[in-house]
Amino acid sequence: MAASMAAAAALTKMTYPNNATSKVDMYVYVPDSVKSDAVVIVIHSCQSTAESYFRNNKIPWKQGSDKKGYITIWPSSPHSGTCWDVSSKQSLTHLGGGDTQSIANMILWAIDKYKIDPKKVFVTGGSSGAMMSNVLAATYPELIAAVSLYSGVPAGCFVSSSGGVDQWNNSCSGGSSKASAEQWGNVARNMYPGYDGPRPRMQIWHGSADGTLSPQNYQETIKQWTNVFGVSQTPTTTVKNYPQANYQTENYGDHVQGIYATGVGHSVPSNLTASEEWFGL
């Protein structure tokens, strides 16, 4: 009986109040022993779903949930090819009705249902999920305490000139979408005009050998968030070979951290220990 009880936790599809136009499916993993009032939103990559991402042994958040007792939420993209919509005005605008609003609705519902501390809502994702993590940080900063994203692009970089939903952007992916720090900061700020409250702490990972989303996007993302937080693009501290060999960690004050992985392609593998440390879990 004890063995079957211990194995009871499972990824479960949930129904949540969703007034967005986009209908993102919500899956939740509640560990057998809940020991934390935090929640981590785990956002999948392209050609994936919540269920396949959850089963992927390279994605360590189920293990983290089991060990430390926090709940995880796994949104599942409604689009063909299952990339996230980070291109349309609906998704790039606070309360615009896109994928971002659906995920925000999940967060609000989970805070109430699972008695989550609103100051302990964390977001992570890889590739398309990293892009969505950046966009969520810009569109719903009031809901998120910290983000740890792996191999993405700046918020708004994939914008579609035609307003298309879930559109690929070759200029951005190839690293030719460059702007000043203030321009990138404005792109993020304009996703939630007038907002002047707290914003999530940003941890940004990228590999130097990324052939899918150019490493230039790392530099552009650092420009964006250092500008949003009003800090210099010159790191306050640099730690070589951390959190592992050939990785370099650069801190830009307390709210922005960049981790650049030399020789690593797309995407940088999730580092549970370092992401949990960033989240304070």
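# Close-up views of a predicted model

View 1. In soluble globular proteins, nonpolar side chains tend to be buried together.

**View 2. The open sheet.** The sheet shown here is open and has 10 strands, which follow the order β1-β2-β4-β3-β5-β6-β7-β10-β9-β8 with mixed pairing. Which strands stand at the edges? They are β1 and β8, each of which has a single partner strand, so that one side of each is left without a neighbour in the sheet. On average, and with direction ignored, neighbouring strands of this sheet are turned by 20° against each other. Within the sheet, β2 and strand β4 (residues 71–76) are joined by five bridges and pair in the antiparallel sense, and the bridge partner of Y27 in β4 is W74.

**View 3. Helix α3 against the sheet.** Helix α3, formed by residues 61–68, packs on the sheet and touches β2, β3 (39–43), β4 and β5 (121–126), while its direction makes about 155° with that of β4. The buried residues of this helix are W61, G64 and S65. Because they cover an arc of only 100° around the axis, these residues are on the same side of α3. An α-helix has 3.6 residues a turn, so residues three or four places apart point the same way. What covers the buried residues of α3 includes the strands β2, β3, β4 and β5, and also α9 (272–279). After α3 comes G69, which has a positive phi, near 80°.

View 4. Y16 is placed in the loop between β1 (11–14) and β2 (25–29). When residues up to four places away in sequence are not counted, Y16 touches V24, M26, S102, N105, M106 and W109, and its side chain reaches the backbone oxygen of V24 at 2.6 Å.

**View 5. Strand β9 and its two partners.** Strand β9, residues 247–252, is mostly covered, since five of its six residues are buried. On one pairing, β9 is joined by four bridges to strand β8 (residues 237–240), and the two run antiparallel; here V239 stands opposite T249 in β9. The hairpin of β8 and β9 has six residues between the strands, and in it N241 takes a positive phi near 55°. On the other pairing, β9 is joined by six bridges to strand β10 (residues 256–261), again with the strands running antiparallel, and E250 stands opposite G258 in β10. Three residues lie between the strands in the hairpin of β9 and β10, where G253 takes a positive phi near 75°.

**View 6. S133 in helix α5.** S133 has its place in helix α5, which is formed by residues 128–139. Its relative accessibility is 0%, so S133 counts as buried. Leaving aside neighbours within four places in sequence, the residues in contact with S133 are I43, V123, T124, G125, V147 and L149.

**View 7. Backbone details in the loops.** Two cis peptide bonds can be followed here, beginning with the one that joins Y242 and P243, for which omega is about 10°; P243 belongs to the loop between β8 and β9. The peptide bond from H266 to S267 is cis as well, with omega near -10°, and S267 is found in the loop between β10 and α9. At 10% relative accessibility, S127 counts as buried.

Technical notes:
Residues are numbered from 1 along each chain as its sequence is written. This is a predicted model: local features need pLDDT of at least 70, side-chain atom pairs count only at pLDDT 80 or more; totals for chains, interfaces and linings use all residues. Side-chain values use heavy atoms; hydrogens and water are left out. Contact means heavy atoms within 4.5 Å. A polar contact is a pair of N or O atoms within 3.5 Å; within protein, one must be able to donate a hydrogen and the other to accept it, and residues adjacent in sequence count only if both atoms are side-chain atoms. Buried means under 20% relative accessible area, exposed over 50%, partly exposed in between (1.4 Å probe, protein chains only). Two strands pair if DSSP finds at least two bridges between them. Axes are lines fitted to C-alpha atoms, for helices over the stretch in contact, and angles run from 0 to 180 degrees between N-to-C directions. The arc is that of the directions from the helix axis to the C-beta atoms.
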